[in-house]
Amino acid sequence: MNINAENKKIIIKRAVVEFVLFALFLVSDLLSKDLVMNRLGLVKYKQYTIIEGVFAIYPCLNDGASFSAFAGKTGFLIALTSIMTIALIAFAIFNLIKKPKTSMLFRWSLILIISGAIGNLYDRIFCDGMVRDFIQYLFLDGLFDKLFDSSFGIGNIADIYLVLGVFLMCGYIIFDYKEGDLGLLKPKKAEEVAGESDGKTEDSINENNNDIKVENSEKSTDIKENEKNKEADA
């Protein structure tokens with residue numbers, strides 16, 4: 001794979017910046033969990049209101065995924081998260097090398113999703129299969145209680161990164177995506193597009209010529225039949 005000097009500079013610069021951002025996101029998640037669970041002297045499974053009706057701190061442990069899905073299936077969640085995270089990291093590296101000028105909106109969404117995934121994966125591996133959650137969204141609890149007769153759930157900083165990353169990815173796909181951006185599918189070259197267009201034009205011309213030939217043949221047949229009928233009448 002040949003990489004020109006300009007692209008090498010872009011790749012190195014982006015790799016350094018993105019790694020620093022990833023490290024900051026991951027560290028902020030792990031430090032916030034450690035602070036709430038171990039440093040502030042807060043009691044687990046007890047609510048500490050921050051803004052009445054809006055946010056509260058509720059330290060707890062979750063052995064499932066979002067909204068407690070797959071609760072108790074620690075091995076499955078670790079394996080699934082590991083595979084998906086490794087795949088995302090590999091794709092992020094591949095994309096950076098193949099398309100170093102890819103939209104920053106796309107790159108930021110990848111960094112956020114990977115950071116959030118690894119933050120929660122760390123908990124599952126090193127905290128007895130439990131994820132440390134502590135952010136309670138009181139304003140959403142009321143809405144979910146009315147709509148689904150259930151609370152919204154408790155989250156953490158990693159969850160915020162995951163959700164934000166998904167929203168940015170959707171924004172990129174809707175507003176900023178261009179063919180070939182991801183480096184997976186090669187966009188068609190102008191010559192290929194022109195060749196296809198010429199081919200379609202030729203096919204169209206041939207079809208028209210064939211139609212004309214058939215039409216002329218039918219007319220010729222009709223003329224001959226008319227002449228025969230006239231001779232027979234005579």
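Guide: A residue is called buried when its relative accessible area is under 20% and exposed when that area is over 50%. The model before us is predicted. In H5, the buried residues are Ile157, Ala158, Tyr161, Gly165, Met169, Gly171 and Tyr172.

Visitor: What puts these residues on the same side of H5?

Guide: They cover an arc of only 165° around the helix axis, and therefore they lie on the same side of H5. The face turned away from this buried side carries the exposed residues Phe167, Ile173, Ile174 and Phe175. Helix H1, helix H3 and strand E3 are among the elements that cover the buried residues.

Visitor: Why is tyrosine 45 called partly exposed?

Guide: Its relative accessible area is 49%.

Visitor: What makes the approach of tyrosine 45 to leucine 61 a polar contact?

Guide: A polar atom of the tyrosine 45 side chain lies 3.4 Å from the backbone nitrogen of leucine 61. The cut-off is 3.5 Å, so the distance falls within it. Tyrosine 45 itself belongs to the loop between H1 and strand E1.

Visitor: Why is aspartate 133 said to have no salt bridge?

Guide: The nearest side chain of opposite charge, lysine 33, is 6.3 Å away.

Key
Residues are numbered from 1 along each chain as its sequence is written. This is a predicted model: local features need pLDDT of at least 70, side-chain atom pairs count only at pLDDT 80 or more; totals for chains, interfaces and linings use all residues. Side-chain values use heavy atoms; hydrogens and water are left out. Buried means under 20% relative accessible area, exposed over 50%, partly exposed in between (1.4 Å probe, protein chains only). Helices (H or I, at least four residues) and strands (E, at least two) are DSSP runs, numbered from the N terminus. The arc is that of the directions from the helix axis to the C-beta atoms. Contact means heavy atoms within 4.5 Å. Lys and Arg count as positive and Asp and Glu as negative; His and the chain ends are not counted. A salt bridge is a side-chain nitrogen of Lys or Arg within 4 Å of a carboxyl oxygen of Asp or Glu. A polar contact is a pair of N or O atoms within 3.5 Å; within protein, one must be able to donate a hydrogen and the other to accept it, and residues adjacent in sequence count only if both atoms are side-chain atoms.
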